[in-house]
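Please open the structure in your viewer and keep the selection panel at hand.

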Amino acid sequence: MTVQAQVAPSDEAVSALDTRLGRRGEFVLLKVFVPPFYYGSYLTFDETGEPVGVLSTAAASVLRAAEGRPARELLSDGGQDVDPRRLDALNQLVDAGLIRPMEGRAPAAHFIEPDQASGTRHTGRGAELFIRYFYDYFGHAFYEGSPLIDSHGDFLSILSSYFPSRETPAVCLDAGTGSGYYATALAQRGHHVYACDISRTRLQAAAAQPSAPGTIQPVECSLDDIPLPDGCLDFAMCNFVLEHVADPYAVTEELLRLLRPGGTLLLAVPSFNVRDTLASWLHQELPTLNFEHLRSYGLIPRTHPWCEPTLDALQHLREHGADVVTVQGVNILNNLWEPWASAFGSIAAQLGPAFSVTWPWSCLGQQTIIHGRKRA
Amino acid sequence: MNAGQRRDFEPIDVFWADYVRTLRQAAPPPAEPRALAAELDTLFGGLTTHELSRVDGLPITATCRGCRNNGPNRRESVCRTHVGSVCGTLEALLGVPVEASHEPGAADGCRIQVAVRGTAAGWPMVAWARRAPHVTPQATLQGFVVVDHARGSQTLVNEATWRILQEATEPHPAAHYARILGLAREAVARILDECHRLGWVHTSFAPLSDTPPGQPARASGEG
């Protein structure tokens, strides 16, 4: 079937424009911001959890409207005239089998995109499906050692300064453990580690890591619903995971539930550094995120459509029973151009090691480490 | 796989080709088959191991062995992600859009056959390497030296590297250097990779002919 629009429509075109169209099944669509090709496009999963492809903004808009309505309504975007852009998009969706003639109610489409009301927080069935589909697919395509899932750099040396002491074996949790890199580091310091992940393939890799003298216990679960009792942990970490989950606040609330009073919380997240923030202000340059990131943190809201204000995250921790002990920025001035680099560099020289933990610089690192403690 | 203007619906393999090519354009992949295969192995972690027939001419055949996805529960989306990423990597290397056919195999692995997009039967493409203008090879009492005027450095090199750089005042394919210098083609490809990494040669891909890239090319039958 091809939907046609002509100046003097033929009977066939009129018939096609009156055909009611709907989505072939339930879809989950993630809005990605990858310039130059896929800025504002939608990575799309079908109802079986398989990725089918990427839709342009126009195609996503047509798919959103395909609720069993006549084709002409999908093409006019509320007006009377057929929009040729939407017509092209509709025909490609029909060819790809994502939209088809349909009477009655169409299956749902869930859009994971920045939202005026809730920012980058996603809840509900669409968010649940997305997390399950995406990580099941990703976990089957990319394995341990892939730079797309295991880019640790030298972060262990930074994070390990926050780890519990070797002298006192602790009960720890590595939320979103991936291949178990940090869970292994904790276990090898003598701790018992619950390694949680939603991906079974990732957990199998984590469970195979050498853990002596400690132990690693894999737990397959969603990070906002971890099957462990309240207050059972001395230490909980979540390293470069909050940018991937549907609802980061649900995850941090779950970690705080599991920590005992006085227990340590360690969160590491990507962030927009000084250069990114200035570039967005001065040149309207949009920082690039990995396509699979649902957010990055930053001091200034709206630096990017997926920007989650770091101060909101800190406020949320405080409201849910944690004291924020330190916020550390890493690679704060990376790639900053002159004369800004010299100006900020002199501030860094004056403050010395305090620079990386002094607001606002601490919230403007390319990576941000939040060290908290659950209140008694 | 890229064809200029984006369509409103791009299948998942096209997305991965574009994404990986964009990532790799900043750091072009190596042009030596074993080094490139090792990079592809790393990109997917432990998914599979790659073997490449060649990368200095098309069609290229990539054979994947021991793939974790090649079993009774094979997921087509994983294969398409893999094939798209291989295409994106090769596009970053070759500088031309490519397309691939994928043949899932059993015991002897899967085969991905890559050809230049829009040409019949795989237009032969080869790497043409030319010495960078800021580089001078010199024979000194200490040995063979490459002077990098941009870095202000002098580097001792082996004779083969020196001879290739001496000869590379005009762009030539690896086969040319191998033939006139009497060196193994694989060894020449490895040296050119290293020189490319150090910025000592500029590499471009074009049809194999007796005309350098940038000028009208006449296809020849040389392999």
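Begin with strand 4 (51-55) of chain A and strand 1 (residues 9-11) of chain B, which pair in the antiparallel sense over three bridges. Strands here are DSSP runs of E with at least two residues, helices are DSSP runs of H or I with at least four residues, and both are numbered from the N terminus. Two strands pair if DSSP finds at least two bridges between them. Select A:Gly53 next: its bridge partner in strand 1 of chain B is B:Pro11.

The model is a predicted one, in which local features need pLDDT of at least 70 and side-chain atom pairs count only at pLDDT 80 or more, while totals for chains, interfaces and linings use all residues. Residues are numbered from 1 along each chain as its sequence is written, and chains are lettered from A and ligands numbered from 1 in the order in which they are written.

**The side of chain A that touches chain B**

Now display both chains. In total, 28 residues of chain A are in contact with 22 residues of chain B; contact requires that the C-beta atoms, placed from the backbone, lie within 7 Å. On chain A, at least two residues each come from strand 4, helix 2 (57-65), helix 4 (84-95) and helix 5 (125-141). Strand 4 of chain A gives the most, with five residues.

**An exposed loop residue**

Follow chain A onward to A:Gly97, in the loop between helix 4 and strand 6 (99-101). Is A:Gly97 buried or exposed? It counts as exposed because it has 11 C-beta neighbours inside 10 Å. The cut-offs are 20 or more other C-beta atoms within 10 Å for buried and 12 or fewer for exposed, with partly exposed in between; C-beta atoms are placed from the backbone. Select A:Lys374 as well: the C-alpha atoms of A:Gly97 and A:Lys374 are 51 Å apart, and the two are 277 residues apart in sequence.

**A buried strand**

Finally, select strand 8 (residues 171-175) of chain A, which is largely enclosed by the rest of the structure, because five of its five residues are buried. A:Val171, A:Leu173 and A:Ala175 lie on one side, and A:Cys172 and A:Asp174 on the other.

Technical notes
Two residues are in contact if their C-beta atoms, placed from the backbone, lie within 7 Å.
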